[in-house]
Amino acid sequence: MKKGLIAAAVLAAVAIAGVIFGTKYYASKYDNSNVAAPSVTTEAKPADSADLTGTWTVGDGSFAGYRVGKVLNGENLVVVGRTENVTGDASLNDGTLLAASIEVDLASVTSGEDARDKAFRDEILKVNDNPTATFVVTEPVKVSSGSGPVEVTGDLTLNGQTKPVTATLEIAKNDSVLEVAGTVPMTWSDFGIVAPDLGFAVVDKTGDLEFQLNLTQ
């Protein structure tokens, strides 16, 4: 009897240790907290208003995606998903952003963990029905390249719903490239998105959409 109790206790301890160390291994492998947020490069410099004129198109090296917190068995993680399948353009005149539109291919967003990405595509956003997200600027705004963040108002279409949002942008010029780094704070339920809550794994109900654009003429 005593041997049986000891054996059961040992098995329970092993199981608990497996959960603890398994969770820590998963957290260390798939935590994206070390992935830097979008920002303009150190080589980029402020640009005169005269340089911020004309039509600019999204070019190579651009990306967009999301950043959200997650708790897995008590371990805090950060999940970052990104894609370089981004298209769009912006129209400026003498330092004023007149119009802009960005489209992101959601099916190509990856976070480095296949099962998580499949759930993102098939269950959370159902990308077969809503394959893209778009952001369209709705109000002209004076942009001051390299001098600090600029708030831009636009309509975001995500998960088949369109709502107004505010993006905070950094803008700077790097030779012939106009660099734009942006963040849009999100409450997922505003767009009909249910943050997964499995008890042992809980995704934050808020997060950020992020993008870094290299615009050329």
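Student: Which residues are linked in a network of salt bridges?
Tutor: R67, R82 and E210 are linked in such a network. A salt bridge here is a side-chain nitrogen of Lys or Arg within 4 Å of a carboxyl oxygen of Asp or Glu. Please keep in mind that this is a predicted model, in which local features need pLDDT of at least 70 and side-chain atom pairs count only at pLDDT 80 or more, while totals for chains, interfaces and linings use all residues. Residues are numbered from 1 along each chain as its sequence is written, and side-chain values use heavy atoms, with hydrogens and water left out.

Student: How far apart are the closest N and O atoms of R67 and E210?
Tutor: They are 2.6 Å apart. The pair links distant parts of the chain, with R67 in strand β2 (residues 63–72) and E210 in strand β11 (residues 201–216), 143 residues apart. Helices (H or I, at least four residues) and strands (E, at least two) are DSSP runs, numbered from the N terminus.

Student: And what about R82 and E210?
Tutor: Their side chains form a salt bridge at 3.4 Å, N to O. R82 lies in strand β3 (residues 75–83) and E210 in strand β11, so this pair ties together parts that are 128 residues apart in sequence.

Student: Is E210 buried or exposed?
Tutor: E210 is buried, because its relative accessible area is 4%. Buried means under 20% relative accessible area, exposed over 50%, and partly exposed in between (1.4 Å probe, protein chains only). R67 also counts as buried, at 15% relative accessibility.

Student: How many salt bridges does the structure hold?
Tutor: It holds three. One of them joins K118 and D122, with the closest N and O atoms 2.9 Å apart. K118 and D122 are four residues apart in helix α2, so about one helical turn separates them. K118 is partly exposed, with a relative accessible area of 48%, and D122 is partly exposed at 38%.

Student: Staying with α2, which residues are buried there?
Tutor: R116, D117 and F120 are buried in α2. They cover an arc of only 100° around the axis, so they are on the same side of α2. The arc is that of the directions from the helix axis to the C-beta atoms. The face turned away from that buried side carries the exposed residues D114, A115 and E123.

Student: What comes after α2?
Tutor: K126 follows α2, and its phi is positive, near 50°.

Student: Where is E113?
Tutor: E113 is in the loop between β5 (96–105) and α2 (114–124). E113 is buried yet has no salt bridge, and the nearest side chain of opposite charge, R116, is 4.7 Å away. For charge, Lys and Arg count as positive and Asp and Glu as negative, while His and the chain ends are not counted. A polar atom of the E113 side chain does lie 2.8 Å from the backbone nitrogen of R116.

Student: A new topic: where does N32 lie?
Tutor: N32 lies in the loop between α1 and β1 (54–58). N32 counts as buried because its relative accessibility is 10%. Leaving aside neighbours within four places in sequence, N32 is in contact (heavy atoms within 4.5 Å) with R67, V78, V79, V80, S111 and R116.

Student: What is V180 in contact with?
Tutor: With neighbours within four places in sequence left aside, V180 is in contact with L169, E170, I171, F211, Q212, L213 and L215. V180 is in strand β10 (residues 177–187) and counts as buried, at 7% relative accessibility. The C-alpha atoms of V180 and N214 are separated by 6.6 Å, although these residues are 34 apart along the chain.

Student: How many helices and strands does the protein have?
Tutor: The protein has two helices and eleven strands. Of its 217 residues, 39% count as buried.

Student: Where is confidence lowest, and where highest?
Tutor: Confidence is lowest in helix α1 (residues 2–30), at a mean of 44, and highest in strand β6 (residues 132–137), at 98. The score is pLDDT, the predictor's confidence in each residue, from 0 to 100. The protein averages a pLDDT of 87, and 85% of the residues score at least 70. Over residues 7–26, pLDDT stays under 50. Where pLDDT is low, the predicted coordinates should not be read in detail.

Key:
A polar contact is a pair of N or O atoms within 3.5 Å; within protein, one must be able to donate a hydrogen and the other to accept it, and residues adjacent in sequence count only if both atoms are side-chain atoms.
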